[in-house]
Amino acid sequence: MSTVPVTLPDGSVHDIAPGVSAGEVLRDSLGKGAIAALIDGVEVDLATQISSACTIDQILPDSEEGLHILRHSCAHLLAQAVTQLHPGAKPTIGPPIEHGFYYDFHMEPLGEEELRAITKRMKQLVKENLEVVREEHDNSSLREIFASNPFKLELMDDKLEDGAGSSVYRQGDFVDLCRGPHVPSTAHRRWFRLTSTSTAFWRADSSRENLVRIYGICFASK
């Protein structure tokens, strides 16, 4: 079997079997700790398989890139907890921001008691250590997955070319339309706190639907 040359940050070249994941290469060469990888300068999940010659580096959770990924992943964790506790809630968008993240939902307003319950459920999901899996889907499949969420369908209409597909990320029973990358499992998102809620409008348009925005902070360590 032919091998693939992979160049590490120190300039050394290692020959690996095609199909080995970025995470396996980094774990064997640099030790544990990475939450994502850089392949030829592009951020990717640790599960990404290497099939051709490349350079590879690790993304650590306390780096600028790592914190961005960690906070984006926490937004997904929040959305999973909210949709489990409030099945009628429709997730819209959930980006990372400075020091944290938020996610907007089409749902009834929340009080402090509901926010505490969501936090508790997020912590349970962290303990469950759910694997985060990237999936590629065509347009038809995406529309089936998000058939009950008109907000996701609208995003697809605006952002995806006709017939084009996209990636989704799945953790347990939750799936979200996303380009990623994300952390490998829910266990990597321990150090977060939900801070507040506010109102928002879908796509920042006051003539559109009212949304509930939930804010949180997230860091690489306690």
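Student: Which residues in α3 do Cys-74, Leu-77, Leu-78, Gln-80, Ala-81, Val-82, Gln-84 and Leu-85 in α2 meet?

Tutor: This is a predicted model, in which local features need pLDDT of at least 70, side-chain atom pairs count only at pLDDT 80 or more, and totals for chains, interfaces and linings use all residues. Residues are numbered from 1 along each chain as its sequence is written, and side-chain values use heavy atoms, without hydrogens and water. Helices are DSSP runs (H or I, at least four residues), and contact means heavy atoms within 4.5 Å. The partners in α3 are Ala-117, Ile-118, Arg-121, Met-122, Leu-125 and Val-126.

Student: How are the planes of Tyr-103 and Phe-105 arranged, stacked or edge-to-face?

Tutor: Rings of Phe, Tyr and Trp (its six-membered ring) pair if their centres lie within 6.5 Å; planes under 30 degrees apart are stacked, those over 60 edge-to-face, and the rest tilted. The centres of Tyr-103 and Phe-105 are 5.0 Å apart, with 25 degrees between the planes, and the pair is therefore stacked.

Student: What parts does the pair of Phe-151 and Trp-202 tie together?

Tutor: This aromatic pair is edge-to-face, with 5.1 Å centre to centre and 80 degrees between the planes. Both Phe-151 and Trp-202 are buried (under 20% relative accessible area, with exposed over 50% and partly exposed in between; 1.4 Å probe, protein chains only). Strands are DSSP runs too (E, at least two residues), and both kinds of element are numbered from the N terminus. Because of where the two residues lie, the pair ties together parts 51 residues apart in sequence: helix α5 (residues 150–159) and the loop between β12 (192–201) and β13 (210–218).
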